[in-house]
Amino acid sequence: VNSLESSIQGPDDLFRVDVASLDGSSSASYLEESRIVYTPYAGIPEGLDAVASGRVDAMVYDAPLLRYLVLTGYNEELQVLDVTFEPQNYALALPAGSAYRESINRSLLAFTSSDVWQDLLFTYLGRQ
(Lines give C-alpha, C1' and ligand atoms only; values in the text may rest on other atoms or scores of the structure.)
Protein backbone atom coordinates (compact mmCIF):
# COMPACT_ATOMS: atom_id res chain seq x y z
CA VAL A 1 0.00 0.00 0.00
CA ASN A 2 1.25 3.46 -0.69
CA SER A 3 -0.12 6.95 -0.85
CA LEU A 4 -1.31 8.09 -4.26
CA GLU A 5 1.51 10.61 -4.66
CA SER A 6 4.25 8.13 -3.72
CA SER A 7 6.92 6.94 -6.10
CA ILE A 8 6.94 3.42 -4.65
CA GLN A 9 6.59 0.98 -7.54
CA GLY A 10 7.81 -2.29 -6.06
CA PRO A 11 9.99 -4.13 -3.54
CA ASP A 12 13.23 -2.43 -4.59
CA ASP A 13 11.84 0.93 -3.50
CA LEU A 14 11.20 -0.28 0.06
CA PHE A 15 14.86 0.11 1.04
CA ARG A 16 14.59 3.90 0.85
CA VAL A 17 11.22 4.51 2.56
CA ASP A 18 9.57 3.95 5.93
CA VAL A 19 7.67 0.65 5.85
CA ALA A 20 4.99 -0.87 8.10
CA SER A 21 3.95 -4.50 8.42
CA LEU A 22 1.90 -6.68 10.73
CA ASP A 23 4.00 -7.84 13.67
CA GLY A 24 4.86 -11.56 13.44
CA SER A 25 3.40 -12.04 9.97
CA SER A 26 4.91 -13.80 6.98
CA SER A 27 5.16 -10.33 5.39
CA ALA A 28 7.29 -9.15 8.30
CA SER A 29 9.46 -12.26 7.85
CA TYR A 30 9.85 -11.41 4.15
CA LEU A 31 10.99 -7.89 5.06
CA GLU A 32 13.44 -9.22 7.65
CA GLU A 33 14.88 -11.78 5.21
CA SER A 34 15.21 -9.02 2.59
CA ARG A 35 16.89 -6.78 5.17
CA ILE A 36 14.23 -4.11 4.78
CA VAL A 37 13.75 -2.08 7.96
CA TYR A 38 10.10 -1.80 8.99
CA THR A 39 7.89 -0.69 11.86
CA PRO A 40 5.78 -3.54 13.26
CA TYR A 41 2.11 -2.83 13.96
CA ALA A 42 -0.26 -4.96 16.04
CA GLY A 43 -3.08 -4.67 13.49
CA ILE A 44 -3.67 -3.91 9.84
CA PRO A 45 -5.86 -0.84 10.56
CA GLU A 46 -3.07 0.70 12.66
CA GLY A 47 -0.59 0.16 9.83
CA LEU A 48 -2.95 1.64 7.25
CA ASP A 49 -3.61 4.62 9.52
CA ALA A 50 0.16 5.14 9.74
CA VAL A 51 0.41 5.19 5.94
CA ALA A 52 -2.61 7.47 5.56
CA SER A 53 -1.24 9.93 8.12
CA GLY A 54 2.26 9.92 6.61
CA ARG A 55 4.02 8.33 9.60
CA VAL A 56 5.22 5.60 7.20
CA ASP A 57 5.33 5.48 3.41
CA ALA A 58 4.08 1.95 2.73
CA MET A 59 2.60 -1.16 4.32
CA VAL A 60 3.56 -4.67 3.25
CA TYR A 61 0.99 -7.37 3.95
CA ASP A 62 -1.40 -9.82 2.21
CA ALA A 63 -2.80 -8.14 -0.90
CA PRO A 64 -6.41 -9.39 -0.64
CA LEU A 65 -6.81 -8.09 2.91
CA LEU A 66 -5.15 -4.78 2.06
CA ARG A 67 -7.29 -4.41 -1.08
CA TYR A 68 -10.49 -4.95 0.88
CA LEU A 69 -9.56 -2.57 3.70
CA VAL A 70 -8.31 0.14 1.34
CA LEU A 71 -11.43 -0.18 -0.82
CA THR A 72 -13.73 0.10 2.21
CA GLY A 73 -11.90 2.74 4.21
CA TYR A 74 -9.02 4.46 2.41
CA ASN A 75 -10.07 4.46 -1.24
CA GLU A 76 -9.38 8.17 -1.72
CA GLU A 77 -6.08 8.15 0.19
CA LEU A 78 -4.27 4.89 -0.52
CA GLN A 79 -3.79 2.34 -3.26
CA VAL A 80 -2.56 -1.24 -3.29
CA LEU A 81 0.17 -1.81 -5.84
CA ASP A 82 -0.29 -4.65 -8.29
CA VAL A 83 2.96 -6.32 -7.17
CA THR A 84 3.40 -9.76 -5.63
CA PHE A 85 6.51 -10.05 -3.48
CA GLU A 86 6.13 -13.66 -2.45
CA PRO A 87 3.16 -15.74 -3.63
CA GLN A 88 1.34 -17.69 -0.93
CA ASN A 89 -1.18 -20.46 -1.36
CA TYR A 90 -3.97 -21.42 0.99
CA ALA A 91 -5.34 -24.91 1.60
CA LEU A 92 -8.05 -26.83 3.36
CA ALA A 93 -6.86 -29.68 5.57
CA LEU A 94 -8.71 -32.96 5.40
CA PRO A 95 -7.96 -36.28 7.06
CA ALA A 96 -5.87 -38.69 4.99
CA GLY A 97 -8.06 -40.62 2.58
CA SER A 98 -11.06 -38.33 3.09
CA ALA A 99 -14.04 -39.16 0.89
CA TYR A 100 -14.73 -35.42 0.60
CA ARG A 101 -11.48 -34.46 -1.13
CA GLU A 102 -12.60 -35.02 -4.72
CA SER A 103 -15.99 -33.35 -4.32
CA ILE A 104 -14.47 -30.32 -2.52
CA ASN A 105 -11.81 -29.93 -5.24
CA ARG A 106 -14.41 -30.13 -8.01
CA SER A 107 -16.70 -27.65 -6.26
CA LEU A 108 -13.87 -25.18 -5.67
CA LEU A 109 -12.71 -25.42 -9.28
CA ALA A 110 -16.23 -24.91 -10.61
CA PHE A 111 -16.92 -21.97 -8.30
CA THR A 112 -13.62 -20.15 -8.89
CA SER A 113 -14.16 -20.51 -12.65
CA SER A 114 -17.61 -18.92 -12.50
CA ASP A 115 -18.78 -15.37 -13.11
CA VAL A 116 -20.15 -15.33 -9.55
CA TRP A 117 -16.60 -15.74 -8.22
CA GLN A 118 -15.32 -12.90 -10.42
CA ASP A 119 -18.21 -10.70 -9.25
CA LEU A 120 -17.39 -11.47 -5.60
CA LEU A 121 -13.72 -10.66 -6.14
CA PHE A 122 -14.66 -7.32 -7.68
CA THR A 123 -17.16 -6.55 -4.90
CA TYR A 124 -14.68 -7.19 -2.10
CA LEU A 125 -11.33 -6.40 -3.68
CA GLY A 126 -12.07 -3.95 -6.49
CA ARG A 127 -10.41 -4.11 -9.87
CA GLN A 128 -7.51 -6.57 -9.84
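Entry 1, nonpolar patch. I looked up which element gives the largest share of the nonpolar patch, and found that helix 5 (residues 115-125) supplies it with 3 residues. Helices here are DSSP runs of H or I with at least four residues, and strands are runs of E with at least two, numbered from the N terminus. The patch covers about 450 Å² and is made by Tyr68, Phe111, Val116, Leu120 and Tyr124. Patch residues have over 30% relative accessible area and no salt bridge, with nonpolar side chains joined within 5 Å and like charges within 9 Å. Areas come from the Shrake-Rupley method with a 1.4 Å probe. I noted Leu120, in helix 5, as partly exposed at 34% (buried is under 20%, exposed over 50%, partly exposed in between).

The model is predicted, and local features need pLDDT of at least 70, side-chain atom pairs pLDDT 80 or more, while totals for chains, interfaces and linings use all residues. Residues are numbered from 1 along each chain, and side-chain values use heavy atoms without hydrogens and water.

Entry 3, salt bridges. I searched the whole structure and found 3 salt bridges (a side-chain nitrogen of Lys or Arg within 4 Å of a carboxyl oxygen of Asp or Glu). Asp82 pairs with Arg67 at 3.7 Å, N to O. Asp82 lies in the loop between strand 5 (78-79) and helix 4 (101-112) and Arg67 in helix 3 (residues 63-73), so the pair ties together parts 15 residues apart in sequence. Asp82 is exposed at 67%, whereas Arg67 is buried at 13%. Glu102 and Arg106 pair at 2.9 Å, both within helix 4 and 4 residues apart, about one turn.

Methods. Buried means under 20% relative accessible area, exposed over 50%, partly exposed in between (1.4 Å probe, protein chains only).
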